[in-house]
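Below are some exercises, each with a solution you can follow step by step.

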Amino acid sequence: MKLKLSYYVIVSDSINSNNDKVIFSTRTQSTLLISSTYWSYLEQSEFHLLPDDILSRLEKDKFLVPSNEEELKNIIGENKGYIDKSKSRGTLYEVIQPTAMCQLGCDYCGQKHTKDYISTSLYDRLLERVEQKVKAGDYNRLLIGWFGAEPLVGLRQMRDLTMKLKEVARKYGLQYSSKIVTNGLSLKENIFEELVNDLAVNNIEITLDGTAEYHDVHRPTKGQKGTFEIIFNNLKKILNRKDFNDFKCDVSIRCNVDERNIEGVSPLIQLLALHNMHNKISHFYPIGVYSWGGNDAHKKSLTKEEFAQREIDWFIEMLQLGYNVNLLPGRVRQVCMAVSPVSDMYDAFGNVYNCTEVSYVSTYKDTRYIAGNLKNGLENISKDRELSNWNDDILTDKFPCHTCKMLPVCGGACPKSWHEDMRACPTSKFNIKEKLALHYAVLRGIEHVYV
């Protein structure tokens with residue numbers, strides 16, 4: 001069988017005095033350390049010069065593929081096949097926004113917050129829709145995502161709905177679990193205990209935009225009061241509990257970054273370590289601020305390339321301090337909820353969406369992003385979804401994703417952003433070579449690296 005070097009192979013610069021390189025298959029997420037001589041054989045298609053065992057390994061991990069394989073079509077086919085099987089893959093994922101209210105006044109937020117909560121009159125219709133999906137699929141788990149505005153402002157609604165959702169899960173023999181994205185302002189110890197013990201939350205994401213001097217400018221209350229101290233102390237009390245690990249709840253920290261708080265990331269990394277919180281959180285990740293409903297927040301951000309370079313500096317610092325760092329991206333077959341034929345998000349007014357970025361944003365009012373409203377009857381919720389044909393779009397030349405080597409580990413990132421003429425590429429596209437070198441530096445003394 002004739003072979004070719006896969007298009008989806010990334011190679012690092014020389015990483016040692018022998019000029020060895022790290023190669024990374026974005027199709028299989030395999031990494032190998034390879035000599036410069038062997039790499040030259042690969043570049044020049046002189047595969048016959050490679051030892052049989054190495055040749056076999058390179059084929060197994062898809063560094064080498066059949067010469068007639070249309071890799072892009074196969075990758076998109078795998079993605080579509082994964083999505084098509086969503087009804088039989090085991091987990092039904094639904095997102096609920098119990099309120100339209102948030103205590104914060106972040107200037108980069110595109111939402112309009114109001115003191116509205118999902119009403120009890122909508123409970124039954126929401127539950128009926130979830131039950132319809134359960135009966136139509138082959139699931140063993142119901143997963144609920146609590147999202148904002150700020151979901152903990154709607155804690156009463158979360159309690160009510162969780163009790164009823166658990167009943168649906170029990171009725172059909174499903175496991176039940178949930179996760180939450182919260183600003184952390186109301187996340188007191190007793191609330192944390194309730195979330196985990198009563199509301200079956202096993203994943204919590206909290207946002208800190210740097211240390212106090214930076215965070216409080218980025219994420220003040222609507223009355224322009226600082227919030228860092230309250231959120232940080234909430235986190236510290238929870239993470240430093242002697243029984244924290246017994247809760248089996250992953251806590252991650254997101255840091256939204258633009259040019260105003262870029263210098264606050266490193267001090268936050270150090271502060272979390274100083275208080276022994278760095279080895280308790282499952283994931284810490286800085287991310288660039290982006291446009292939200294056309295609010296131009298991205299204009300205050302660093303370029304993708306600038307951010308990618310700073311990310312490497314942060315990763316090195318985190319590794320030195322003992323953080324858990326995910327250096328290399330994994331395969332992405334379903335980029336987000338927008339391409340799912342099953343999952344939906346429900347806001348406090350009963351609107352049904354298949355994208356978490358459009359609720360409470362005036363730009364998207366009366367657009368195709370809204371599939372319908374629970375109040376108008378389940379039969380009137382549209383099955384046609386905006387962005388659901390994203391994988392077919394990639395096969396065209398409409399977006400640059402079809403020529404990108406990072407596609408298997410990116411999936412296109414954010415279809416909505418591309419359709420709004422916003423570059424959605426992840427930072428790994430711009431610093432993957434540095435990440436490969438760092439990956440080698442971390443692993444070489446820990447496990448054998450193939451040569």
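Predicted model: local features only at pLDDT ≥ 70, side-chain atom pairs only at ≥ 80, totals over all residues.

**Exercise 1.** Find where Val-217 sits, and decide whether it is buried or exposed.

*Solution.* Start with the element: Val-217 belongs to helix α7. Helices (H or I, at least four residues) and strands (E, at least two) are DSSP runs here, numbered from the N terminus. Next, the surface: Val-217 has a relative accessible area of 52%, so it is exposed. The cut-offs are under 20% for buried, over 50% for exposed and partly exposed in between (1.4 Å probe, protein chains only).

Residues are numbered from 1 along each chain as its sequence is written, and side-chain values use heavy atoms, with hydrogens and water left out.

**Exercise 2.** Work out which residues surround Thr-182, and which side chain it pairs with.

*Solution.* First, locate Thr-182: strand β8 (residues 175-182) holds it. Its relative accessibility is 3%, so Thr-182 is buried. Now list the contacts (heavy atoms within 4.5 Å). Skipping neighbours within four places in sequence, Thr-182 contacts Glu-150, Leu-152, Ile-204, Glu-205, Ile-206 and Thr-207. Then pick out the pairing: the side chains of Thr-182 and Glu-150 make a polar contact of 2.9 Å. That term means a pair of N or O atoms within 3.5 Å; within protein, one must be able to donate a hydrogen and the other to accept it, and residues adjacent in sequence count only if both atoms are side-chain atoms.

**Exercise 3.** Describe how α10 packs with α13 and with α9.

*Solution.* Two packed helices are described by the angle between their axes and the distance between the axes. Axes are lines fitted to C-alpha atoms, for helices over the stretch in contact, and angles run from 0 to 180 degrees between N-to-C directions.

Step one: helix α10 (residues 304-321) and helix α13 (residues 428-443) have axes 9 Å apart, at an angle of about 15°. The two are therefore roughly parallel; that label covers angles under 35 degrees, with over 145 roughly antiparallel, 65 to 115 roughly perpendicular and the rest oblique. Residues in this contact include Ala-308, Ile-312 and Phe-315 of α10 and Phe-430 and Leu-438 of α13. By class, the contact of α10 with α13 has eight nonpolar, two polar and five charged residues. Here Ala, Val, Leu, Ile, Met, Phe, Trp, Tyr, Cys and Pro count as nonpolar, Asp, Glu, Lys and Arg as charged, and the others, Gly among them, as polar.

Step two: α9 and α10 pack at about 10°, with axes 10 Å apart. That makes α9 roughly parallel to α10. The contact is made by Val-265, Ser-266, Ile-269, Gln-270 and Ala-273 of α9 with Trp-314, Glu-317, Met-318 and Leu-321 of α10. Sorted by class, α9 with α10 gives six nonpolar, two polar and one charged.

**Exercise 4.** Check the backbone at Ala-149, Asn-19 and Ala-413.

*Solution.* Background first: most residues other than glycine have a negative phi, and most peptide bonds are trans. The bond from Gly-148 to Ala-149 is cis, with omega near 10°. Ala-149 lies in the loop between β7 (141-146) and α5.

Asn-19 has a positive phi, near 65°. Asn-19 is partly exposed at 40% relative accessible area. Ala-413 also has phi near 65°, and is partly exposed at 27%.
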